[in-house]
Amino acid sequence: MNISEIPLSCFIIFCFLCSYGFSDDGIALGEGDVLSISVLGYPQYSKAEVAVGPDRKINMPLIGDIKAAGLTPFQLRRLIAEKLRTGKFLNDPHVFVTLIKSRSRFVSVIGQGVNEPGVYPLEGATRIMEVVARAKPNDRAMLRRVSITRGDEQRIVDLEKLLEQADLKQNILIQPGDVVNVPEDRESFAFIMGEVNNPGAVPIRGGVTLAEAIALADGQTPNALMSRITVSHSEEPLREIDFTRFLLAGDLSQNILLKPGDIVNIPLDTENFVNILGEVKDPGKIRLPLRGMDLLQALAQAGGVTNKAWLSHIRIIGVDQPARVIDLEQAIDTGDTSRVPALSASDTVLVPEKPMVWRKFTQLVAEIILLNTAISIIRGMD
């Protein structure tokens, strides 16, 4: 269970109930702390607010300055009551000391399981759940193993027990100088990196396949190289997955079940591209889809050819292969799709410009056709 699964309103109420009824009597006061001190039945001897000064003292009616820094609120109230008795101001005083604001006490929150690690002031009685909540735990927080380091000692608390079973023993009182570590839960998550729309941790409780993990990461980007996915896990050998075999042929052996702590990397596709150059409207690189692409589809992806394109002399230049000349004009005229070749990764397609003589000839033919059309229209009018 992680903290993001708990409704915010329920979480706030739960934190309040966990802190209610506890005091900070066991924590020493420091300079700058603001206290409320009341003497039951004697408001004239009480103080709604009094700060511990740089001299580590507070000033009270009747008894004057009292050293407060270093004492707990419980010790301070006993000291004030004793001075009221020994000074013969009151016979049986009932004194209450409440810490209103702490300016001398801080706790550090660290770990990959919180979004806002840092140093937080302790104001009044502060328990571990409140500190963790202030640091905004994320969905990767391992709440069952939150550690509190106090001097040379360390204690592990299980906040999942606190949330699920109301085990208040886990919600311990924080002291100044404590370091709270909320680790990342690598036991319940896998990590999807690279060419996915939302990289990061994905929960895999109950078993999650590679396809499901990619879906949880909002799917792969258009530039993902799905045939070279790698899966690593601590000291185990790197596994390479050809996920296209699952996508195209349903090969279930490539849709592996992920383990806690797996790191999945989907690399950028720098291989499955063709270059379209020359007389096209949008020359450049075009990515080959998983199921391949023929010459006509590639030209369409490039925005189509210009009116200067010499379709009967298109060249395809492959890696370590001789250039091929394709008469695409004849293929279009005859409808013979066998003349339209499929392209391979790293092919370069060059659509040349028609020679000037050829362009003038085709322009002359077009003008003759236009003239004949005009003559036919005039004769029809007569």
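User: Which residue is the bridge partner of arginine 315 in β19?
Analyst: The partner of arginine 315 is valine 325. Strands here are DSSP runs of E with at least two residues, helices are runs of H or I with at least four, and both are numbered from the N terminus. This is a predicted model, where local features need pLDDT of at least 70 and side-chain atom pairs count only at pLDDT 80 or more, while totals for chains, interfaces and linings use all residues. Residues are numbered from 1 along each chain as its sequence is written, and side-chain values use heavy atoms, with hydrogens and water left out.

User: How many bridges join β18 to β19?
Analyst: There are 3 bridges, and the two strands run antiparallel. Strands count as paired if DSSP finds at least two bridges between them. β18 covers residues 314-317.

User: What is the strand order in that sheet?
Analyst: The order is β17-β16-β20-β18-β19. The sheet is open, has 5 strands and shows mixed pairing. On average, neighbouring strands are turned by 25° against each other, direction ignored. Such angles are taken between axes, which are lines fitted to C-alpha atoms (for helices, over the stretch in contact), and run from 0 to 180 degrees between N-to-C directions.

User: New topic. What is the order of the sheet with 3 strands?
Analyst: β2-β1-β5, in an open sheet with antiparallel pairing. β2 (47-51) and β5 (95-101) are at the edges with a single partner strand each, so one side of each has no neighbour in the sheet. The twist from one strand to the next averages 30°.

User: Which residue in β2 is the bridge partner of valine 34?
Analyst: Alanine 51. β1 (residues 34-39) pairs with β2 over 3 bridges.

User: Which helix lies across β1 and β5?
Analyst: That is α2, residues 73-86, running at about 140° to β5. α2 has 14 residues and reaches 20 Å from its first C-alpha to its last, close to the 20 Å expected. The expected span is 1.5 Å times one less than the number of residues.

User: Which residues of α2 are buried?
Analyst: Pro73, Leu76, Ile80, Ala81 and Leu84. Buried means under 20% relative accessible area, exposed means over 50%, and partly exposed is in between (1.4 Å probe, protein chains only).

User: Why are they on the same side of α2?
Analyst: Because they cover an arc of only 135° around the axis. The arc is that of the directions from the helix axis to the C-beta atoms. An α-helix has 3.6 residues a turn, so residues three or four places apart point the same way. Arg78 and Thr86, on the other side of α2, are exposed.

User: What covers the buried residues of α2?
Analyst: The cover includes β1, β3 (57-60), β4 (64-67) and β5. Contact means heavy atoms within 4.5 Å.

User: Where does tyrosine 45 lie?
Analyst: In the loop between β1 and β2. Leaving aside neighbours within four places in sequence, tyrosine 45 is in contact with Val39, Met60, Pro61, Leu62 and Leu90. The C-alpha atoms of tyrosine 45 and proline 61 are separated by 5.5 Å, although the two are 16 residues apart along the chain.

User: OK, charges now. How many salt bridges are in the whole structure?
Analyst: A search finds 7 salt bridges. Each is a side-chain nitrogen of Lys or Arg within 4 Å of a carboxyl oxygen of Asp or Glu.

User: Which residue forms a salt bridge with aspartate 262?
Analyst: Arginine 239, with the closest N and O atoms 3.5 Å apart. Aspartate 262 lies in the loop between α6 (243-249) and β15, and arginine 239 is in strand β14 (residues 239-241), so the pair ties together parts 23 residues apart in sequence.

User: Is aspartate 262 buried or exposed?
Analyst: Aspartate 262 is buried, at 0% relative accessibility. Arginine 239 is partly exposed at 28%.

User: What about aspartate 269: which arginine forms a salt bridge with it?
Analyst: Arginine 287, with the closest N and O atoms 3.7 Å apart. Aspartate 269 sits in the loop between β15 and β16 (273-278), while arginine 287 is in strand β17, 18 residues apart. Aspartate 269 is buried at 2% relative accessibility, whereas arginine 287 is partly exposed at 25%.
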